[in-house]
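User: I'd like to go through the charged pairs in this one. Can you take my questions one at a time?

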Amino acid sequence: MSVVRAILTHFTAFLMSILLTAIPYKGLKAPVLDTLEEDCLLNVQLLSDTHIEAKEPFRAFFLRQGLRNISRAKSPADAVVITGDLTNYADEPALERYFRILADSSPAPVISAPGNHDIGHAGDRNVTDISREEAMANFIRYQNLYAGTQNDTVYYSQDICGYRFIVLGDEVLDGGHWDDITMSEQQLAFLDKSLAEGTKDGKPVFVLCHWPIQNINGEQVIWPGNGIDTSQYDIPAILEKYSNVFYISGHLHAGIKATAVEELYDLSSAETVNGVTYINLPTYGLVNMFGAPWSGIGAQLEVYEDEVIFRPRNFLTNYWYANAEYRFALV
């Protein structure tokens with residue numbers, strides 16, 4: 001009900017967020033597969049909230065087709081990032097299906113971050129009777145099996161083309177929670193250490209976590225109380241110790257929003273707070289709100305010597321949202 005209440009309370013912002021993003025006021029982008037500028041150092045395709053189920057056909061088709069479109073690009077992707085809610089009900093058949101689609105269709109390494117639906121929703125709607133601990137163990141096992149990693153925790157890091165990607169996840173402490181993340185001191189220390197290592201040469205580092213930070217990217221309006229509570233886990237304090245840090249999340253199902261929406265309503269898909277850039281991705285497999293509502297939307301992230309470019313796109317139609325493009329200078 002909190003989502004419905006948010007829409008009704010902020011109905012003008014909800015409606016205008018959709019309209020201003022759908023109307024290409026900065027000009028149409030042709031449905032091409034290559035918008036990289038010269039001297040691109042890293043090209044990463046960003047998705048979130050695929051919500052794969054064992055028998056539901058459409059979301060599996062959306063993911064498979066999106067990955068195939070990525071494979072047809074003139075400029076090859078260096079990696080694909082998917083920030084959580086990979087499955088809908090944390091069941092092993094759906095998890096196996098998700099990773100099988102990646103193995104069959106992705107043209108680049110895939111970095112997967114687990115979401116609340118992948119761990120916290122174990123047993124939801126009687127789809128599976130496993131515990132949250134078993135769901136977490138399944139994610140780690142399938143991630144290692146299909147990605148060739150050797151992780152023994154739900155959090156891990158991976159380097160792509162010399163750039164560090166840090167994945168955070170729910171450790172199911174004290175039984176865990178249906179929708180919230182629980183994190184140990186060891187995970188927070190791992191984040192700090194990995195950031196220090198990844199930024200030591202001045203390169204940007206990308207932190208991937210399904211949950212957005214409380215009161216950032218419009219969380220307080222779109223889905224209040226569903227971001228990470230900084231009084232419990234002060235992740236921004238760790239991120240702010242380093243330069244050129246990008247925190248990429250999903251979870252809000254908020255949709256891509258034009259830059260005009262940020263100017264009018266203080267709701268943004270990407271923003272910099274105290275030196276850290278926070279990016280919140282739309283749901284790829286389900287309907288969005290407070291922005292472009294349809295499925296299949298994610299973004300292309302490009303790294304250059306002096307800036308990072310965030311270019312939202314629809315991976316199914318190859319439409320590029322020029323009115324929602326952000327550029328962030330590196331220091």
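User: Is R59 buried or exposed?

Analyst: First, a heads-up: this is a predicted model, where local features need pLDDT of at least 70, side-chain atom pairs count only at pLDDT 80 or more, and totals for chains, interfaces and linings use all residues. Residues are numbered from 1 along each chain as its sequence is written, and side-chain values use heavy atoms, with hydrogens and water left out. Buried means under 20% relative accessible area, exposed over 50%, and partly exposed in between (1.4 Å probe, protein chains only). R59 comes in at 10% relative accessibility, so R59 is buried.

User: Which residue meets R59 in a salt bridge at 2.4 Å, N to O?

Analyst: A salt bridge here is a side-chain nitrogen of Lys or Arg within 4 Å of a carboxyl oxygen of Asp or Glu. R59 also bridges to E56, at 3.9 Å, N to O, and E56 is buried too, at 17% relative accessible area. The partner at 2.4 Å is E53.

User: How far apart are the closest N and O atoms of D104 and R100?

Analyst: Both residues sit in helix α4 (residues 92-105), four residues apart, about one turn of the helix; helices are DSSP runs (H or I, at least four residues), numbered from the N terminus. D104 is exposed at 57% relative accessibility, while R100 is partly exposed at 38%. Their salt bridge has its closest N and O atoms apart by 3.6 Å.

User: How many salt bridges does a search of the whole structure find?

Analyst: Some of them join up: E302, E307, R311, E325 and R327 are linked in a network of salt bridges. For the whole structure, the search finds 11.

Technical notes
Helix = DSSP H or I, 4+ residues; strand = E, 2+ residues; numbered from the N terminus.
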